[in-house]
Amino acid sequence: AVDRKKRAEEFLALALRAQQNNNWSAASKNFAESMIRYPAPEALAGYAHANLRMFGQKRRRDGTTREHMAEDVAYALAYYEAALAANLVLHRLEVEAQAKLRRDVECLAEFKRAGEPAGEC
């Protein structure tokens, strides 16, 4: 179990580095590898964020943003909610990170309900 957690942290570090470089595909892959080994809230939320960004880039290129918006939001919302749940057990997120995650969940839930963005999330 210790090796799995250590590997998860290594993948998380790679994901964060890729995220800083706006390499959303690499970030997504590394967040996924991290959360498979240890489903920490920052890996789950990072995966959702990276996928939204990656999907957004692809959808803009394809001209299909509107067409896929509802499913992309629902997909990300499930991971953000899982991140909140994981944090209730693991207590890894700082207060500000928890608050941001809650705001993102509320914003995406409202987006899913109303079908349009409620703000910046």
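Biologist: What makes the 26 residues a nonpolar core, and which members touch the most others?

Modeller: A nonpolar core is a set of buried residues of nonpolar type, joined through side-chain atoms within 4.5 Å. In this predicted model, the largest such core has 26 residues, and Ala 27, Phe 31, Met 35, Tyr 80, Leu 101 and Leu 108 touch the most other members.

Biologist: Which helices supply this core, and which gives the most?

Modeller: At least two residues come from each of α1 (2–20), α2 (24–37), α3, α4 and α5. Helix α4 gives the most, with seven residues.

Biologist: What is Tyr 80 in contact with, beyond its neighbours within four places in sequence?

Modeller: Contact means heavy atoms within 4.5 Å. With those neighbours left aside, the partners of Tyr 80 are Ala 45, Ala 48, His 49, Leu 52, Leu 101, Asp 104, Val 105 and Leu 108. Leu 101 and Leu 108 are also among the core members that touch the most others.

Biologist: How do you know that the span of α5 is close to what is expected?

Modeller: Helix α5 covers residues 95–114, which is 20 residues. The expected span is 1.5 Å times one less than the number of residues, and for α5 that comes to 28 Å. Just after α5, Gly 115 takes a positive phi of about 85°.

Biologist: Which residues of α5 are buried, and what do they pack against?

Modeller: Leu 101, Asp 104, Val 105, Cys 107, Leu 108 and Phe 111 are buried. The buried residues of α5 pack against α3 (41–62) and α4. An α-helix has 3.6 residues a turn, so residues three or four places apart point the same way.

Biologist: Why is Cys 107 called buried?

Modeller: Its relative accessible area is 12%, and buried means under 20%. Cys 107 is therefore buried. Beyond its neighbours within four places in sequence, Cys 107 is in contact with Gly 119, Glu 120 and Cys 121. Its C-alpha atom is separated by 24 Å from that of Asn 23, which is 84 residues apart from Cys 107 along the chain.

Biologist: How do you know that the radius of gyration agrees with a compact globule?

Modeller: For 121 residues, the globule rule gives a value near 14 Å. The protein has 14 Å, so the two agree. Its C-alpha atoms fill a box of roughly 45 × 30 × 20 Å along the principal axes.

Biologist: How many helices and strands are there, and what share of residues is buried?

Modeller: There are five helices and zero strands. Buried residues make up 37% of the 121. The protein exposes about 7500 Å², of which carbon and sulfur atoms supply 53%.

Terms used: Residues are numbered from 1 along each chain as its sequence is written. This is a predicted model: local features need pLDDT of at least 70, side-chain atom pairs count only at pLDDT 80 or more; totals for chains, interfaces and linings use all residues. Side-chain values use heavy atoms; hydrogens and water are left out. Helices (H or I, at least four residues) and strands (E, at least two) are DSSP runs, numbered from the N terminus. Buried means under 20% relative accessible area, exposed over 50%, partly exposed in between (1.4 Å probe, protein chains only). The radius of gyration is taken over C-alpha atoms; the globule rule is 2.2 Å times the number of residues to the power 0.38. Accessible areas come from the Shrake-Rupley method with a 1.4 Å probe; for residues, only the protein chains shown count as cover.
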